[in-house]
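Please look through the sequence and the model shown here before reading on. The report then takes up a few features in turn.

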Amino acid sequence: MPTPESEAFLAKKPTVPPTFDGVDYNDTPQLKAAQDAIIKEQWVKSMMARLVRDELGKCYRQEGVNHLEKCGKLRERYLLALKESKVRGYLFEQQNYIPGQQDPKGQDQVSAGLKQPEGQIAIIPAEVAKRRRDDRL
């Protein structure tokens with residue numbers, strides 16, 4: 001396995017951020033690099049959740065009946081990691097622009113006062129839609 005400073009490691013490291021902001025969809029190598037970076041980032045989060053889960057299992061076995069007190073920090077960390085650990089792929093982010101995320105200029109669309117053009121339907125994440133439904137009730 002290559003060391004973190006080796007040329008082989010640096011050659012496999014993504015050179016683009018894990019987002020489609022500023023990606024020219026007609027430039028195939030740039031598009032594929034963005035897709036690979038997104039997938040690799042999702043796999044890293046998934047593997048981090050797995051490592052935390054293994055440590056949590058060890059803590060449960062070691063502490064026995066006191067695991068509720070002793071393993072609380074690991075349990076909370078694992079629950080947070082579970083939210084982001086699923087490998088979702090890149091197609092949704094590639095095909096849809098989600099309002100509320102950063103635009104290519106780096107500004108948040110909501111805080112910049114930008115609105116959805118008339119006649120177009122905005123894609124709203126499920127959590128936001130659920131919050132809006134709960135607020136109405």
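What follows describes the model and its confidence, then a disulfide, then one glutamine.

## The model and its confidence

This is a predicted model, in which local features need pLDDT of at least 70 and side-chain atom pairs count only at pLDDT 80 or more, while totals for chains, interfaces and linings use all residues. Residues are numbered from 1 along each chain as its sequence is written, and side-chain values use heavy atoms, with hydrogens and water left out.

The protein chain has a mean pLDDT of 76, and 66% of its residues reach 70 or more, where pLDDT is the predictor's confidence in each residue, from 0 to 100. Over residues 107–117 the pLDDT is below 50, although this stretch has 16 contacts in the model beyond near neighbours in sequence (a contact means heavy atoms within 4.5 Å).

## The disulfide

A disulfide is a covalent bond between the sulfur atoms of two cysteines, and here the term is applied to a pair of cysteine sulfur atoms within 2.5 Å. By this rule the count is one disulfide, which joins Cys59 to Cys71 with an S to S distance of 1.9 Å. Cys59 is in helix H2 (residues 28–63), whereas Cys71 is in the loop between helix H3 (67–70) and helix H4 (72–84), so that the pair, twelve residues apart, links distant parts of the chain; helices (H or I, at least four residues) are DSSP runs, numbered from the N terminus.

The link of Cys59 and Cys71 is left-handed, with -95° about the S-S bond. Both Cys59 and Cys71 are buried, meaning under 20% relative accessible area (1.4 Å probe, protein chains only).

## Gln42 in helix H2

Helix H2 also holds Gln42, which is buried, with a relative accessible area of 5%. Not counting residues up to four places away in sequence, Gln42 touches Ser85, Val87, Arg88, Gly89 and Glu93.

Note on methods:
Helices (H or I, at least four residues) and strands (E, at least two) are DSSP runs, numbered from the N terminus. Buried means under 20% relative accessible area, exposed over 50%, partly exposed in between (1.4 Å probe, protein chains only).
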